[in-house]
Amino acid sequence: MRRPKAQKSNEPAVDKPARVTMMDIAAAAGCSQAAVSFVLNDTPGTRISQQTRDRVWEAARALGYTGTTYTSKASSYSGLDNVIGFAVDQLATSPEAIVAIEGARQASWNAGNVLLVAQTLSDPVMEPKAIKALTSGGISALIYMTIYTRQVELPSYVSKLNIPTVLLNCYTADHAFPAVVPSEIAGGQSSTRHLITHGHHRIATITGEIWMQAAQDRLTGYRRALATADIPFDPELVIEGDWSAGAGYAATMKLLALKEPPTAIFCQNDRTAIGCYEALKDAGLRIPQDMSVVGYDDEEISRHLVPPLTTSVLPHLAMGQWAIEHLNPETMPGKRYPIAKLECSLVKRHSVAAPRAEARQMLDDLNTTP
């Protein structure tokens, strides 16, 4: 990541050959990158045929593969040019950080870089120590991530590190660093528009904690989609939750108790949608025949619900890759950088259908039953 040292004037310039990666070998040998790794590292306990092993070694020799420079157990990280620091406030409480780290790992390994990760918990005392521990080890770049999308105030010494720094899922007021966040307003708009295109006009939404930027932006997208379709906004169709299944269940029950219940519900995360599913089933309603449901986040559970949940992808894998791609010597403090927003693409499954007259009658019957 550092600038190359200037060559002596009496030495001719020589282009450095591109580093051969395991992906190159996998493509040449016609096998997976995992198989290449197992063969080249002589990993015990792997059942790879001798024929595949021979192809891997032949491809490695033909391409001039010389191995990696950072796998030696005896080596120290200090002073290496191919080490990137990754500081994140929370690692264990949600999958988003792991997904972003994996995206960064994929992109950094392709370039021959190692990723060092530290959890900071946004602690005013321990966060500076954690970042200093990374930087004192000789990292050549820094990625700073928060789990919840928000504006941050970085410790002053980060601006003085003199290494490329990128912000992931957060940004600063002065836009002094390249930053990438999800395009949440567009995501909320796309989710709601999907329901509108299926003929729904009475659409409810269950938000997250409304003080959070993600909840505010998804709600803004919901309202924009309604306005674009000339559907009046009805505040009684907006129920605040807390991202949990329990809140999704309670909010859905409130919506079903309305004099005029919705025919579709946009849950602003998949865990809320799980509670929504349970409430609808307890009320004797079918998804999507009697009520359409859309989630958000595309967590693993969403594809295993019955029916599988239509939801939006949080682009943390792509954000991790973006962060690596935008670490270069030009990304130094002192400039103003626009905030990059990556698409939260909609994954269409089987939880949305057109409203039916009999479904409306069933909802009306729920509210007239003594």
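## About the model

The model is predicted, with local features needing pLDDT of at least 70 and side-chain atom pairs counting only at pLDDT 80 or more, while totals for chains, interfaces and linings use all residues. Residues are numbered from 1 along each chain as its sequence is written, and side-chain values use heavy atoms, leaving out hydrogens and water.

## The whole chain

You'll find eleven helices and twelve strands here (DSSP runs numbered from the N terminus: H or I of at least four residues for helices, E of at least two for strands). Of the chain's 370 residues, 48% are buried, meaning under 20% relative accessible area with a 1.4 Å probe, protein chains only.

## Helices α1 and α3

How do α1 (residues 22–29) and α3 (residues 50–63) meet? Their axes come within 9 Å and cross at roughly 120 degrees (axes are lines fitted to C-alpha atoms over the stretch in contact, and angles run from 0 to 180 degrees between N-to-C directions). That angle makes α1 oblique to α3; oblique is what remains once under 35 degrees (roughly parallel), over 145 (roughly antiparallel) and 65 to 115 (roughly perpendicular) are taken out.

On the α1 side, D24, I25, A28 and A29 touch R55, V56, A59, A60 and L63 of α3, where contact means heavy atoms within 4.5 Å.

## Helices α8 and α9

Next come α8 (residues 245–256) and α9 (residues 270–282), which pack at about 45 degrees with axes 6 Å apart. That makes α8 oblique to α9. Among the contacting residues are Y249 and M253 of α8 and I274 and L280 of α9.

Technical notes: Buried < 20%, exposed > 50% of the residue type's maximum accessible area, 1.4 Å probe, protein only.
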